[in-house]
Each structure stands twice: as structure tokens, then as C-alpha cells.
Amino acid sequence: MLAGPFRVPAGGSAVYRLSGVPEGGVSAARFGVVRVPWGFDVYARPAGGPPEEPGYRLDAPDGPPGLYAVVVVAVSAGEVLMAKRPVQVLPPDEASSEHGVGSERGVGSEQGVGSEQGGNSRTGEQEQVITESRTRLARAAEAVPAGPARLLAAVSAVDAVGSGAFLTASVTFYVAHMRVAPGLVGIGLSLAGAAGLCSGMWLGRLSDRWGARRTLILLNLVLAVLFCALSATTGFWGFLVMVAAITTAQSGVNPARSSLTYHALDPEARVRLQAVQRSLFNLGFAAGTGLAGLALQLGSSTGFRLLILCNVLSYLVGALLVWRVPTPGRADGRSTSGGVVRDALSDRPFLAFVGLSTVLLLSESIFYVGFPLWIVSVAAAPRWTAAAAFLLNTALVVLFQVRLSRGADRPGASARLMRRALGALAAAGIVMAACGSLRGTAAVAPLLLAAVLVTLAEMWNSTVAWTVLFAHAPADRQGFYQGVYGLGVSAQMLIGPVLVGSVLIPFKGLGWLVVGATALALLPLPSLLVARLRSGGGAADPAADEVTAPDA
């Protein structure tokens, strides 16, 4: 076991002790600190102690604050030992203001390390995060009308809690429990993402033919089984196969859920529910993250079992909630505009829209990859800036995603909102280009302003995507159209980080200027694309959808 403090200031140091070491002590040890997408090699200095409980002083990672995991691989008496424990890295200014945290006594000495008082304090803080997130989830759920909409919103919230709980500790789970080398985790996840790139389309088509409700129930049950199997798998190849299977199954969840939303709700309620679900997902993920920190305090094996169980239960509960949603009858696929219903892959206006929306989806890579890299390697801004930007993004989505979706179904709204998204992205690029030479604390304000603008672009683009998919895709092909759109999302996730890292960081201000200029050049396209979508055929008449009670 690895014992040591849970809360450590960024750039500070802390002593961690290995227990249960065989007689003869440790002959070699290597420490690391992991968190997606960051990983750090940590220099460890001996800190004394008996051979069976050696101590090592580690420097906390000089990266974005948040929940990490300390991992150690040690050699003792010819045996290889592996241990890990969670650690919360605090912003330096927050850490220095807390009693005992950051001081030599609270961090470096044995007093308070692993003590009952410290453990209760840490548990109380994590319970507070869970309680606050649960309260907000309940309030958001109450704002959704009873019936299918509330059931579908609950499905999204439950899924978010399970995902947040597992993903927070997933890298630690892969390294410490599955015995996958840290350097191979990223490779395995990338290969799994590539394997699931096109599967969303075909699972979406399955939901059209077999029924969205039944497909979504099946996918939830399959995912529950896969995560149970994951807990019993070790080694890189087993990890790769299981993660690829999970990624493939997960790629079909959103097309099936969106198709079910289309058939189960009235047209005016569909986009609003998608916005509510996105807000709930952010809140649920925060609750799951707090739950992960609480579970990992119980020890590696017990904590991992609890997190796997939490994720499995989230899928089982989700399947039960979906089963309670009224079953939509099959639509006849007629187009409201009288046009011929076409396949999504031959629907050129729709594919052009997916292409433009994918360009706007680069805002996510800019936010989650470009900003952190810029803060650390170029702007030399305070270490808490990245955490502040992430918190700002979450707060804006929770507070304003539903409001920004209002009126999205009005004539001309889609083109107008997409122009706003392009304008916000262009403004963010111009702000960063103009302030690209600022360093240190002077760079914080423009960085946070750009974060707000990128978040607005992200929210407006999401609203347009929901509106166009529900309005343009035929009723009997909602799942396949949703899957084709998801292909653009997956492509952005694979290509976006590489593109952003190769343009924004090396070329600095010029790179941001390219982002702004590209967005400005695309401003005339939304009106043309929306006009082509209207002339190319629309959705089936929603009134033709028949709704029946759940199957017995």
C-alpha cells in the first residue's frame, strides 16, 4: 500500500510511504503521476523510515490542478511491487490559504499523513461535492416535464455519474489493476477510438430497423457486461480488446438515444431536452468525479471494484429507465417538403453541414488541448488558469445551454446561430492573436475571455446540430443520420488535438490568427447550407409518429 496526503499544492512536495515491503527493503523504485491527458515522471528522494516502510519525497506535478494518481513500481527481494493512491493537486494560492496544506508540517512530515482527522476532512470535502452536484441534478430534473422527457433526462444524468466515476480513475485502473504500461495506455485508447470510428453509423442504422428503444436497452446491457469483464482482464492485449469493444458499443448510444428522443417527444420539446441533457451531463460528471475520489480512499482493489460497480449500475438503471419510455411506432419516412428521402451518405447538403459543424467542433480541441498547452508552454500563465477555464466552461454550459437553445426551431434560426458560433470562434482567435505576446498574469484575462467565446461557439454549434438533425433527417432514418454526424465528432477527436497542437503552439499568434481568419471566411456558408438542406428534403411528419405504452 502507498500512504500519503491527499491534498498537495501544485509545485509543492509530499512524503509517501510504501507499506508491506518484504524483508530486505526496496532496491529500486520509480514514481509517476498520471491523469488524462497529462502524465508526469516524478523525481523521488528518500525520506527515511524503516526498510519495511520506506519514505519518498515527491514533487507535485507542475500541471493543471485536479485529481491525479501517484503510481509507484518498486523492486524488493526480486519481486516487483506496484501501488497507487489518488492525490488532489491544488492551485498554489488556494493551497497556501488552507490550514496545514502546503506547510512542511502538513505536507512533508508524517504528522497528519493518513491520520483519522485528515481522512475525515478529505471525505467530508468529497461528500460535499457529491451532495451539491446531486442537489443541482435534482433541481434540473424537476424543471423537465414529467413523462418521456424526464425519463430520458434521468438516463443522461445517471450515465454521466457512472462515466464520471470511472473515467476519473480509469488511467490509474489500467496501470495499477490491469498491469498496462503507462506508455501503452494512450496508444491503446487511440487504437480503440479508431476501431469505433464508423461503428456509430451502423449501430444507428440498427436502431432505425430494430427500434431505438430496444437498441438503447441492448447497448446499456452490453456495456454493463463489458465493464464487468473489464474488471477481470489484465495485460495490454486484453485491455485493447475490451476498450475497443466498449468504445464501439458506446458509439451507438447517442444515435439511439437521439432517435428515441425524436420519436418520443413533440418537435418543440426535442432540442430543449438535448440542451437539458447536456447540462445534466456536466453536473452528473462532477458528482461522479467526487464519488471516485471517495471510493479510492478505501484502497486500490476495493475502490476500483466500487467504481466498476457504479458504472455497471448506471447502465443497468439506464436500461430500466429506457424501458419505461413509451415505445415509438415506426414512421413511414415521408418528407414534409415532398422531396425524395435519401441515404445520409448520399445526402450532399447534409454531408456539407456535417463538414462545417466538424470545423466548429474543433473548438473542443482548442479548449481542452490548445488552451492548456498554451498556458503551460507559451504564456507561462499561473497554473490555476487552466482549472479556472475548465470551471468557467462547465458553469456556462450548466447555466446557459438551455437558454441558448430557445427559439432554435424558428425560421432562419439555424443559420443565424451557426454564424454566431463562427463569429465567436473568430473573435477568440483574434483575441488570442492580439494578446499572444502577453506572459504571466497579464495573459490570464485574454485567456479567460477566449475561453468564454470558445464555449459560446461550442454551445451554439450543439444547438444547431440538434435542430438540423431533428428537422432534416427522415423519421425512419434518425439513428443513421445521427451516426453519420457522430462520424464528424469522432474524426475531430482523432485529428483535432494533433491539428491544434501543430498550428497553435509552434506558430503562436499567427496560429490563432489562422483560426480567426478561417472562421471569418466561413461566415457566408451557414445560410447557403441551410437553404440547401431545406430544398433537399426534410423530416417525416412528426404527427405520423404513433406512441404506444411500454411492452409488458
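Modeller: Buried means under 20% relative accessible area, exposed means over 50%, and partly exposed is in between. Note that this is a predicted model. By that cut-off, Phe353 and Tyr485 are both buried.

Biologist: Why is the pair of Phe353 and Tyr485 called stacked?

Modeller: Rings pair if their centres lie within 6.5 Å, and planes under 30 degrees apart count as stacked. By this rule there are 16 aromatic pairs. For Phe353 and Tyr485 the centres are 6.4 Å apart and the planes are at 25 degrees, so the pair is stacked. Phe353 belongs to helix H12 (residues 348-379) and Tyr485 to helix H16 (residues 478-507), so the contact ties together parts 132 residues apart in sequence.

Biologist: Which residues do ring pairs link into a cluster?

Modeller: The cluster includes Phe166, Phe173, Tyr174, Phe227 and Trp237. Of these, Phe227 is also one of the buried residues of H7.

Biologist: What makes Glu458 and Arg278 a salt bridge?

Modeller: The cut-off is a side-chain nitrogen of Lys or Arg within 4 Å of a carboxyl oxygen of Asp or Glu. Between Glu458 and Arg278 the N to O distance is 2.2 Å, so the pair meets the definition. Glu458 is in helix H15 (residues 444-472) and Arg278 in helix H10 (residues 267-296), 180 residues apart. The structure holds one salt bridge.

Biologist: Are Glu458 and Arg278 buried or exposed?

Modeller: Glu458 has a relative accessible area of 5%, so Glu458 is buried. Arg278 has 16% relative accessibility and therefore counts as buried too.

Biologist: What makes Arg205 a charge over the ring of Phe480?

Modeller: The distance part of the rule is CZ of Arg within 6 Å of the ring centre. The charged end of Arg205 sits over the Phe480 ring, 3.9 Å from its centre. Arg270 lies over the face of Tyr262, at 3.9 Å from the ring centre.

Note on methods. Residues are numbered from 1 along each chain as its sequence is written. This is a predicted model: local features need pLDDT of at least 70, side-chain atom pairs count only at pLDDT 80 or more; totals for chains, interfaces and linings use all residues. Side-chain values use heavy atoms; hydrogens and water are left out. Buried means under 20% relative accessible area, exposed over 50%, partly exposed in between (1.4 Å probe, protein chains only). Helices (H or I, at least four residues) and strands (E, at least two) are DSSP runs, numbered from the N terminus. Rings of Phe, Tyr and Trp (its six-membered ring) pair if their centres lie within 6.5 Å; planes under 30 degrees apart count as stacked, over 60 as edge-to-face and the rest as tilted. A charge sits over a ring if NZ of Lys or CZ of Arg is within 6 Å of the ring centre and within 35 degrees of the ring normal.
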